[in-house]
Structures are given as C-alpha cells and as structure tokens.
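User: Hey, can you walk me through this one? I'm new to reading structures.
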Amino acid sequence: MNAIVYRLLKGYLKRSAWLYAFFGVLQFLMLGAFWAAKYDRVPVPGVLLGLWGAIAAVKNHCLAWRSLPLRARDASLFRWWAIAGVPGIYLVLLALLSRASQRSSGFPTPADATILEGILAAWSLLGILAGLARAADWSSKKSRTAKIIGAAAGAALLVYGVPVGSIVRPYSLVFIGAGLIVLFASAARARRGMDWRWPHPADRAPRSSHQQ
C-alpha cells in the first residue's frame, strides 16, 4: 500500500465509520448468540462491508474522481483494500474480541479450530466478492441480473450464516481453499492494476434526470 492508497483509504473509512460501527455491532452480537446457542455457523453481516466497498469506493464515471492524478493501479489497490483487506482485518478483530468477551463472561465458545475456520470462511467470502467485483462497470445495468442473484444469496447468508465445524469440515475446507485462492489472486491483480480502468466518457449511456 503506497501513500496515495493509504490517504484514500483513510478518507473512505472516515466516511464509512457509521456503517462499520453498525455492522460491527451486528456481527459481534450474532457471533456471541451463535456461540452461546452452540450453532456450528459463523454470521457474515460484516461481509456486507466488502459489498459497500465494491459499490462506493471509487465512482468510475464521477468527474471528481477522474480529475485526480490517480493511476489505474492505485484505484485497483484502493478498491481491493475497501472490498477485502480492511473488512477482513475488521472481522478478525471482531472474532477475537467476541472470543475474549465470551470467555471472560463464562459463556460457551467453540474450539479455537472452529473459530479459525470461521475467520477463514469470512476471508474466503470477501475474496470471492473481490474477484467478482473487479470490473469497472460493477454498477452498470449489464450486471443487474448478477446483482439480483447476489442480493438473494447475500440475504440467505445474512440470515443463516456459513456452516463450520467438524461435521461440514471437509466441505468447508474446500470452500475456504477456493476462496483464499481467489482472494490472493485478486490481490495480485489489484497490485498489478489489472482490475480497474477509467471508462471513456463517451461510453456512458445517456440517462434520464430521474435516474441520475
């Protein structure tokens, strides 16, 4: 992360502090409830922070963004940190805080291997999201069907969570392995500036004032 990406990320996190606080509290409460009820699942409302990063990190058609001396590599790195890097670190801290809080209060907590599995599962989801959201036309009409499918899948995951534990471990390890591969691949692509391009203004389809 260079100085430009760091400054952009710091400003983005200041603007998104309220959202991080909301989903952080929700993640903390759901995680404690799942552990207390001995559900072999990990909640994923914090993953929505990655979705917010994919939508709101960089406005590719915004003239203010286009006027900045920002290279495609910087924009790509900034988006990756907003989608996967910072939300993943945030989820790790929340999991560790929940573990410490549950144990100090005498509430049951799963085995450390299960907690680690849940953390890796969350990272895998963020990696898949970073891999899917790499195109600059993420918010275009062309991806409306994909967004509907993604919203339905996200709602199901938000309610049910991701299964973890010894019963589903063979399947969860396959999912985690695939997700982490996509995570590292997306990070490598972002570092090389391959996941972002500034679209030509003439490529933008005219929209009505109501849609704008």
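User: What is serine 172 in contact with, leaving aside its neighbours within four places in sequence?
Analyst: Serine 172 touches Glu117 and Pro163, once those neighbours are set aside. Contact here means heavy atoms within 4.5 Å. Before we go on: this is a predicted model, where local features need pLDDT of at least 70, side-chain atom pairs count only at pLDDT 80 or more, and totals for chains, interfaces and linings use all residues. Residues are numbered from 1 along each chain as its sequence is written, and side-chain values use heavy atoms, leaving out hydrogens and water.

User: Okay, and what kind of contact does the side chain of serine 172 make with glutamate 117?
Analyst: The two side chains make a polar contact at 2.4 Å. That term is for a pair of N or O atoms within 3.5 Å; within protein, one must be able to donate a hydrogen and the other to accept it, and residues adjacent in sequence count only if both atoms are side-chain atoms.

User: Is serine 172 buried or exposed?
Analyst: Buried, because its relative accessible area is 8%. The cut-offs, with a 1.4 Å probe and protein chains only, are under 20% for buried, over 50% for exposed, and partly exposed in between.

User: Which helix is serine 172 in?
Analyst: Helix H8, residues 169-191. Helices (H or I, at least four residues) and strands (E, at least two) are DSSP runs, numbered from the N terminus.

User: New topic: how many helices and strands are there in the chain?
Analyst: The protein chain has 8 helices and 2 strands, in the order α-α-β-α-α-α-α-α-β-α from the N terminus.

User: And how much of the chain is buried?
Analyst: 41% of its 212 residues.
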